[in-house]
Amino acid sequence: MKDRLFLHPDARLSSCLARWARADAGSTILYTVTLIVVLVLFGGTITNRILFESHDAFQNLHRVQALYLAEAGIAQAFKEFDNGATDLNALLKGADGIAQTADDGILSFGASVSLGNGTCSVIIKDNDEEDGDAYSDSDYIVEVTSTGSIPGAFGAERTIIAYLQVFHPPNPTDVRGAITSLGPIKTSGSLTVDGREHDLNSSLVNNNGELGIVTAAPVFNQEGASKVGGTFFGVDYQPKNKQQVSPTVIETNAILNFNTPDQAMGYAEGALKTIAQSGLNGSQYVTDPANLTFPLSGVTYAELPSGVPWQAVDFGNSSGILVVHNATTDAVVKNLNTGTFNGLIIADDLVHIHNTILGAVIALTPTPSAGNCIGNGNGDVLYSSETIQAITQDSIGPTVLQRSWFY
Ligand SMILES: [Ca+2]
Ligand SMILES: [Ca+2]
Ligand SMILES: [Ca+2]
């Protein structure tokens with residue numbers, strides 16, 4: 001008889017439990033391994049995500065920094081143009097004066113400047129003004145490209161292109177007197193013409209001015225109680241009447257090398273009109289003075305028809321460069337009765353200054369219409385190179401016309 005093995009119920013139970021335990025141990029390992037795999041995958045995803053986010057944050061930070069660097073380059077170019085006369089044509093060709101070489105369009109601070117943890121690179125080019133010549137500027141506008149760069153794996157580069165309009169400020173030494181005229185001049189009434197230097201507040205700056213009257217005509221007529229003063233070779237002469245005036249502050253038969261307002265300013269012909277028409281800094285261009293808005297600022301260009309004088313002017317508190325001119329050099333502005341004008345007035349035919357002008361006056365016609373009388377009332381023409389310079393910088397200094405950002 002075959003022995004049959006009978007297990008005690010407790011033994012069966014423990015055997016069962018052992019099997020279960022073995023099975024359980026296997027599934028626990030599987031479970032643990034699965035969990036580890038899930039955790040590794042999940043952790044990896046999170047780590048990747050964190051890394052990605054931090055790279056993204058870095059890149060964003062660097063993009064912002066690069067944009068600021070590009071802005072700094074535009075600001076630096078602006079500052080350079082603002083510092084004084086800038087010969088755009090010379091700049092387009094670079095220091096070697098030759099077109100199409102490596103230094104073309106590089107400003108004084110160089111092609112690239114290190115700033116913070118990056119660099120900014122600035123280059124100027126002529127804008128497309130349809131003259132077919134990228135090395136000859138004819139509209140005073142140049143294209144400034146500034147690129148800010150942050151180096152490295154998560155670096156960034158941003159570029160700004162700005163169009164800057166740049167005009168030469170006049171050299172005040174070209175304005176040789178409080179009143180400079182290509183024609184004969186007569187002063188009468190109690191007009192005061194003072195070529196001594198005055199500051200922006202009309203206060204006297206000693207021994208630093210120009211002549212009172214400079215005229216290309218052979219004779220200057222001083223009449224009535226009108227007074228003329230000025231500075232001759234660094235010595236001031238107070239405004240005095242005809243009997244007491246120092247002849248040194250009056251120059252007759254002066255050689256004046258200009259016939260138009262642009263020439264008087266040293267600009268290319270047409271520049272002042274272009275600025276006036278652009279509306280830059282309040283500039284205005286009119287053919288009828290009734291259309292002017294006061295107070296004047298920037299360049300005001302009144303191209304008046306012959307024989308139609310602009311009369312009885314109240315300047316209010318005007319400033320800038322006022323041009324009254326036409327092609328036949330006989331535009332008339334007459335009876336500048338009230339208000340103040342700070343800056344430079346260039347007129348073909350200027351009759352009767354009765355207001356206060358701080359800066360200087362230039363008259364262009366060799367044959368004034370009204371008996372050459374530039375003033376017969378209570379006017380003051382106070383020479384101020386400081387005002388001319390400041391006003392011109394403000395009126396027609398460099399201006400950003402337009403900007404574009406590139407990424
Ligand atoms: Ca060059
Ligand atoms: Ca050109
Ligand atoms: Ca241009």
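This briefing covers the fold, confidence and selected elements of one protein chain. The model is predicted. The protein holds 5 helices and 23 strands. Of its 407 residues, 41% are buried.

**Confidence**
- Mean pLDDT for the protein is 86, with 87% of residues at 70 or more.
- Strand S13 (residues 235–240) has the highest mean pLDDT among the elements, at 98.
- Strand S23 (residues 399–406) has the lowest, at 69.
- Over residues 1–7, pLDDT stays under 50.
- For residues 1–7, the model has 1 contact beyond four places in sequence.
- Where pLDDT is low, the predicted coordinates should not be read in detail.

**Contacts across the sequence**
- Take the contacts between residues at least 6 apart in sequence: 57% of them join residues at least 24 apart.

- Strand S22 spans residues 380–383 and is covered on both faces.
- Asp-380 and Leu-382 are buried on one side.
- Val-381 and Tyr-383 are buried on the other.
- Strand S7 (residues 192–194) runs parallel to S22, joined by 3 bridges.
- In that pairing, Asp-194 stands opposite Leu-382.
- Strand S20 (residues 356–363) also runs parallel to S22, joined by 4 bridges.
- Here Ile-357 stands opposite Val-381.

- Helix H4 covers residues 271–278.
- Its buried residues include Ala-271, Leu-272, Thr-274, Ile-275 and Ala-276.
- An α-helix has 3.6 residues a turn, so residues three or four places apart point the same way.

Conventions: Residues numbered from 1 in each chain as written. Chains lettered and ligands numbered in written order. Predicted model: local features only at pLDDT ≥ 70, side-chain atom pairs only at ≥ 80, totals over all residues. Buried ≥ 20, exposed ≤ 12 C-beta atoms within 10 Å, placed from the backbone. Helix = DSSP H or I, 4+ residues; strand = E, 2+ residues; numbered from the N terminus. Contact = placed C-beta atoms within 7 Å. pLDDT = per-residue confidence, 0-100. Pairing = 2+ DSSP bridges.
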